[in-house]
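Hello,

Here is the structure I promised to pass on to you. Please have a look at it first, and then read my notes below.

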Amino acid sequence: MNIKKNILDASQKELEQYCVGNGFKKYGAEQVMRWIYSGRIFDFSAMSDISKQLREKLDDDFYVVFPKIIDTKYENDDNGNSKKYLIKLEDGGIIESVLLTHKNRKTLCVSSQIGCRMGCVYCETSGMGFFRNLTSGEIISQLFTVENDTGERITNIVFMGMGEPLDNIDEVGKSLDIISNDKFIGIAPRKITISTCGLLNILGHFDINDYKYKLAISLNASDNKTRNMLMPVNKRFPIEKIIELINLKKPSLHNKITIEYVLIKGVNDAAEDAKRIINMFSPAKVKFNLIPLNKAENSIYLKRYEKSEDTAAYNFKLKLLKAGFTVTVRFSKAGSINGGCGQLKAQTINS
Ligand code: SAH
């Protein structure tokens, strides 16, 4: 029996092998992919420069499926607006994507897994456990689904939704090849950020000076004791290993690594913490993104934690600035719609 596959899950190489294996020219793969990813044309019969035989063969073997939007929530503030999408996948799994609009920049925060197995105690996605990895097609179709809803093209992508992208590196990598290829979706690598809790075994496969995407590392603590408590991954890859990795990086004005730091009252926001992280890194290599803890009503984990007081957050930021670092504070965009960081938990799944 011929089981059709979702063509959005196929890499260029896989489609080339398919074309050649079925007696067509290798180039057919790139043609089809240009129609889909650059043209946003999903009907094989409309791909006019492709031979009828190949179009028919594709139609026999592949289909295109889009996830369905089952809910949206919208928030407006001075910094722009955010729209959170609850999206249902083909198998019924539910994920969330958040569109952040600021002037002409339309950033999509995508999910890479349903749930997460990293167990960070401040993050609500961890609280739901791990269900499965997303396929590359499911990652890419978050973009199509949201573009379809708004009628506007996404300009930037951040892998900061549900899941740990480096824990699903094969599918995330496949999706990145298509998203960043200027023949296809064509979002430049410098407009794509991979945020990781610090899976250094995977990061170690890349040359940090050659890595073309923007990298963000969630640090969230200034000492191993606190980081062990907040992020179990620290027991495998402690802070000194992160420092070691960043030390390999050459100073760069335009491609600094972002150190993400969730500010949690009384846990990691003291003057001593700021002092320690200032001593860990060089302003020529990293910048900081401070994130006030988002609190979600339904998380068992978050009950124990509060976001830092405004003055503590301000003082923390000031210390980093005075030490010469670039610092951004991520105001709780979408916080009131439970679409802020770490709050992306699809409660309807399996409940
Ligand atoms: N797994 C990846 C990407 C998802 S989390 C990572 O850990 O980086 C994206 C960002 O949101 C991370 O910097 C994470 O520390 C932050 N985050 C998680 N839970 C949060 C919460 N409750 N409040 C604020 N930020 C949170």
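Strand β4 (residues 80–88) pairs with β5 in the antiparallel sense over 8 bridges; strands pair if DSSP finds at least two bridges between them. Helices (H or I, at least four residues) and strands (E, at least two) are DSSP runs, numbered from the N terminus. Across from N81 you will find T101 in β5. The β4 and β5 hairpin has 5 residues between its strands, and G92 there takes a positive phi near 95 degrees.

Before going further, please keep in mind that this is a predicted model, where local features need pLDDT of at least 70, side-chain atom pairs count only at pLDDT 80 or more, and totals for chains, interfaces and linings use all residues. Residues are numbered from 1 along each chain as its sequence is written. The average pLDDT (the predictor's confidence in each residue, from 0 to 100) is 92 for the protein, and 90% of the residues score at least 70. Residues 347–351 stay under 50.

Strand β5 (residues 94–102) is mostly covered, with 7 of its 9 residues buried. Buried here means 20 or more other C-beta atoms within 10 Å of the residue's own, exposed means 12 or fewer, and partly exposed lies in between, with C-beta atoms placed from the backbone. β5 also pairs with β6, in the antiparallel sense over 5 bridges, and V98 has C109 in β6 as its bridge partner. The hairpin of β5 and β6 has 2 residues between the strands, and K103 in the turn has a positive phi of about 50 degrees.

**On to β9 and β10**

β6 (residues 105–109) runs parallel to β9, joined by 3 bridges, and L108 has I157 in β9 as its bridge partner. Another 3 bridges join β9 to β10 (residues 192–196), again in parallel.

At least three of its residues come from each of domain 1 (5–63) and domain 2 (68–349), with bounds from an automatic or database domain assignment. The C-alpha centres of the two domains lie 34 Å apart.

Best wishes

Methods:
Two residues are in contact if their C-beta atoms, placed from the backbone, lie within 7 Å.
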